[in-house]
Amino acid sequence: MRILVIGGSAFVGRALVEESLGRGHRVTTFNRGRSGGDVPGVEAVRGDREVRADLERLVAGRTWDLVLDSSGYVPGVVGESARLLSGHAGAYAFVSTISAVDGFPGAPACDESGTWACAPDAGPGDGDYGVLKAGCERAVEAGFDGSVLIVRPGLILGPHENVARLPWWLTRVSHGGAVLAPGEPEQPLQLIDVRDLAVFTLDQAERRVADRFLVTGPAGNATFGGLLGMCKEVTGSDAEFVWAPDEVLQRHEVGVFVELPLWAPLTPELSYFWRAETAKAEAAGLRCRAVAETVRDTWAWLREIPEDQRVYGTGRPHGISPAREREILAAWRG
């Protein structure tokens with residue numbers, strides 16, 4: 001197949017490119033060249049999807065069997081891409097997010113759930129991440145004349161992670177000593193490896209499946225304590241985990257999901273975060289590797305990057321500062 005990947009150099013897009021190339025497909029990537037190096041073997045086209053002239057140059061004289069879009073965040077921008085690619089590709093697979101589901105994570109997420117109200121031509125200021133992703137889904141479905149696949153992943157981990165939740169924990173645990181750990185070690189998580197997401201997406205797209213799927217790991221495929229234990233094992237650390245209850249961390253105004261990555265306190269607003277339904281995707285062929293493999297492979301990738309060059313997040317940096325961690329540890333132990 002001839003495949004166009006919008007993005008293709010960072011995390012999810014990179015995994016989609018590598019999986020496509022591994023299957024023998026011919027891959028074109030379209031990006032600005034700012035988020036990482038090109039995967040060897042692609043035809044790289046430089047351009048900005050927000051610039052119509054760049055999109056027109058991309059499609060001039062080119063056609064593809066499939067578009068894989070993992071870098072769409074603004075409905076108006078995504079809609080323009082979908083309209084210009086109509087007639088130049090037979091199918092369009094859009095990587096959305098579980099956060100597009102209306103009410104999530106305060107309400108259950110399943111494949112039949114509706115999405116947040118957001119217009120397909122909405123701009124960047126018309127909602128938060130999940131709301132805008134819901135609008136992006138509508139923009140693709142309205143603008144692309146062909147088969148449309150919508151994939152809504154949950155929490156994604158794995159090599160080349162640019163949100164840097166697992167990379168931050170691996171780095172912190174590798175330093176050893178007393179490590180501030182959030183909530184309860186038995187807290188169940190629900191995680192998916194980026195490579196398993198890529199396999200599922202390609203499997204469906206190759207068959208021209210036009211549907212919507214929640215795609216994440218089985219509920220409880222890890223616990224927080226188990227995940228940090230895996231980090232300790234692969235890094236060979238002497239870390240001692242000091243578990244602080246949610247209420248202690250909230251009293252210290254610790255940033256949910258940011259200062260202690262993956263921490264979601266058990267509040268009504270977050271009560272379904274780790275409880276998404278995955279039966280439909282599993283019936284369609286979703287298979288997820290063990291989380292221990294994800295942790296091991298992420299550390300193998302991360303340790304090749306000098307620590308002073310590691311980046312913990314593409315926007316607001318993830319991870320608590322050493323001074324603030326010591327302060328909270330001292331207060332909790334006291």
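Which residue in strand 2 is the bridge partner of Val5? In strand 2, that partner is Thr29. The model is predicted, so local features need pLDDT of at least 70 and side-chain atom pairs count only at pLDDT 80 or more, while totals for chains, interfaces and linings use all residues. Residues are numbered from 1 along each chain as its sequence is written, and side-chain values use heavy atoms, with hydrogens and water left out.

Helices (H or I, at least four residues) and strands (E, at least two) are DSSP runs, numbered from the N terminus. Strand 1 covers residues 2–6, and four of its five residues are buried, so the strand is largely enclosed by the rest of the structure. Buried means under 20% relative accessible area, exposed means over 50%, and partly exposed lies in between (1.4 Å probe, protein chains only).

Strand 1 runs parallel to strand 2 (residues 26–31), and five bridges join them. Two strands pair if DSSP finds at least two bridges between them. From strand 1 the chain passes through helix 1 (residues 11–22) to strand 2 in a right-handed β-α-β crossover. Right-handed here means that, with the strands pointing away from the viewer, the path from the first strand over the helix to the second runs clockwise. Strand 1 also pairs with strand 4 (residues 64–69), again in the parallel sense, over four bridges. In strand 4, Leu68 stands opposite Val5.

The next topic is a pair of helices. The axes of helix 5 (residues 165–174) and helix 10 (residues 291–302) come within 10 Å and cross at roughly 75°. That makes helix 5 roughly perpendicular to helix 10, a term for angles of 65 to 115 degrees. Axes are lines fitted to C-alpha atoms, for helices over the stretch in contact, and angles run from 0 to 180 degrees between N-to-C directions. Leu166, Pro167, Leu170, Thr171 and Ser174 in helix 5 meet Thr294, Val295, Thr298, Trp299, Trp301 and Leu302 in helix 10, where contact means heavy atoms within 4.5 Å.

Some loops hold backbone features of note. Most residues other than glycine have a negative phi, and most peptide bonds are trans. The peptide bond from Phe104 to Pro105 is cis, with omega near 10°, and Pro105 sits in the loop between strand 5 (89–95) and helix 4 (129–143). His160, not a glycine, has a positive phi of about 70°. His160 is partly exposed, at a relative accessible area of 27%. Leu262, also not a glycine, has a positive phi of about 80°. Leu262 counts as buried at 1% relative accessibility.

Note on methods
Parallel < 35°, antiparallel > 145°, perpendicular 65-115°, else oblique.
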